[in-house]
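Work through these exercises with the structure open. Each one has a task and a stepwise solution.

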Amino acid sequence: MDHFPIYLALQGRRVIVAGGGETALAKLRLLTKTSARITVFAAVPDAALIALAHAGKITLQHRAFGPGDALCAALLYAANDDAAEDRRVARLARADGALVNIVDNLEDSQFITPAIVDRDPVTIAIGTEGAAPVLARAIKADLEERLSPSLGVAARVGKAFRKLAEALPMGRKRRDFWQDYYFATAPQVLEQEGEAGLLPALDALLARHLSSAPAPGRVDLVGAGPGDPELLTLRARKLLDRADVVIHDRLVPQAILELARREALIIDAGKEGFGPAMAQTDICALMVEHAARGAHVVRLKGGDPAVFGRLDEEIEALSAAGLDWSVVPGITAASAAAAGIGQSLTKRDRNSALRLVTGHDMQGFAEQDWRSLARPGAVAAIYMGKRGARFIQGRLMMHGADPQTPVTAVENASRPEARVVATTLSRLPQALADAACHGPVILLYGLAPRAAEAALPHLSEEFA
Ligand code: SAH
């Protein structure tokens, strides 16, 4: 990020615009919405500028910008449509201590003006650091459409009511009140009664919230999917948006955690692979403790919580504590990996059953029904199979599996850093060692990437 977005306090501050034509006017259309004191320097001002001056919106100086004219100014816009004149103005203004923007000249500007969606006091600034103005415009158009024009009115009235709302205890209760106001009461009242109805509605809403019992805490056991935030369910997103506490495992990437409510307490209960982990009993105790205090807890688990996620232990702990819970499914690693290699997990005349197996369990390397897995056409998604690859290979070969059976290892399925290692059972341990994977790896036993399928059974290791 070369440009950090901030909101500048402009009340009573000086803002200077140098230039008298259309470019200057375009900037003034934005600037006159602020409470800044605006001075425009223009030797030959446009008629519209003169009108703005008459209306008291700006102070107009009928001359070119000169030394000392930007003293004590917060911002200066060089908007002369003349590169040499803009350079001269910028140099002088910088000497006066103002932050300088040369219109349409990103390089020589000290700040840039974003695309703005204005629902004052709610304003949204969109910037692309000059990379894609088209994109900024499209995002702006999208937001303009989505945000009701009356949102600003609701926010202005709501802001004036904040002191009174402090009668509600901070945290969940107060948040629920505002949630109700902005997403239910305000839109409805504005449509039916207009702005005048807002204050009485706020009074009534506050009375209702003051007398209502606090909502009890709860825990939602939510699947975070394989890592790509776009593969989250809508419900997962909604719950993350409301959570007081998020307890996640190490498979959940930062990009997903960033979707959680900003004030949410985020707890890393990392228990991926063989790394240091929080004990399962501690995780259960943590969930119970927060929910019992009334918090809305999201227990965020990589993939699907019901697949090798120790879901039952957590549900039992919650039930034992008398807490409400729900399970929100997610896309499991096997689905993401199969999608990544363009393969189907089941296929007529190849495999009518799919096994999800784990490479190791609490006791060590996990035993499976090797005999049926060793049959031609069998397909299994092997979770946590990286370390046990040699063991798995040995067991399957011992039970008669064809050494040429395709195996595809998918690391970081669905993520930008995803890798595919296509190999065969006979070469599996070596292929994994050569690939030196650091991320989570799932083995698709019996499946080759679609493109490589034709080359079987002489498939060699491939890195995609
Ligand atoms: N509940 C999870 C599985 C947890 S067990 C799910 O449904 O996906 C952890 C194992 O899942 C990892 O060792 C790895 O084998 C697999 N895994 C999870 N996410 C993965 C990903 N993005 N890419 C590859 N494997 C993944």
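**Exercise 1.** Is Asn412 buried or exposed? Then place it and describe its backbone.

Solution. 
- Step 1. Asn412 has 7% relative accessibility. Buried means under 20%, so Asn412 counts as buried.
- Step 2. This is a predicted model. In it, Asn412 sits in the loop that runs between strand S17 (406-411) and strand S18 (419-424).
- Step 3. Asn412 is not a glycine, yet its phi is positive, about 55°.

**Exercise 2.** Where does Glu129 lie, and what is its accessibility class?

Solution. 
- Step 1. Look between S7 and helix H4 (133-146): Glu129 is in that loop.
- Step 2. Read its phi. Glu129 shows a positive value of about 55°, although it is not a glycine.
- Step 3. Its relative accessibility is 29%.

**Exercise 3.** Which residues does a cis peptide bond join? Locate the proline.

Solution. 
- Step 1. The cis bond links Asp120 to Pro121, with omega about 10°.
- Step 2. Pro121 falls in the loop between strand S6 (115-119) and strand S7 (122-126).

**Exercise 4.** How many disulfides does the structure hold? Classify Cys72 and Cys284.

Solution. 
- Step 1. Apply the cut-off of within 2.5 Å for a sulfur pair. The count is zero.
- Step 2. Cys72 has 64% relative accessibility. Exposed means over 50%, so Cys72 is exposed.
- Step 3. Cys284 has a relative accessible area of 10%, so it is buried.

Key
Residues numbered from 1 in each chain as written. Predicted model: local features only at pLDDT ≥ 70, side-chain atom pairs only at ≥ 80, totals over all residues. Heavy atoms only, no water. Buried < 20%, exposed > 50% of the residue type's maximum accessible area, 1.4 Å probe, protein only. Helix = DSSP H or I, 4+ residues; strand = E, 2+ residues; numbered from the N terminus.
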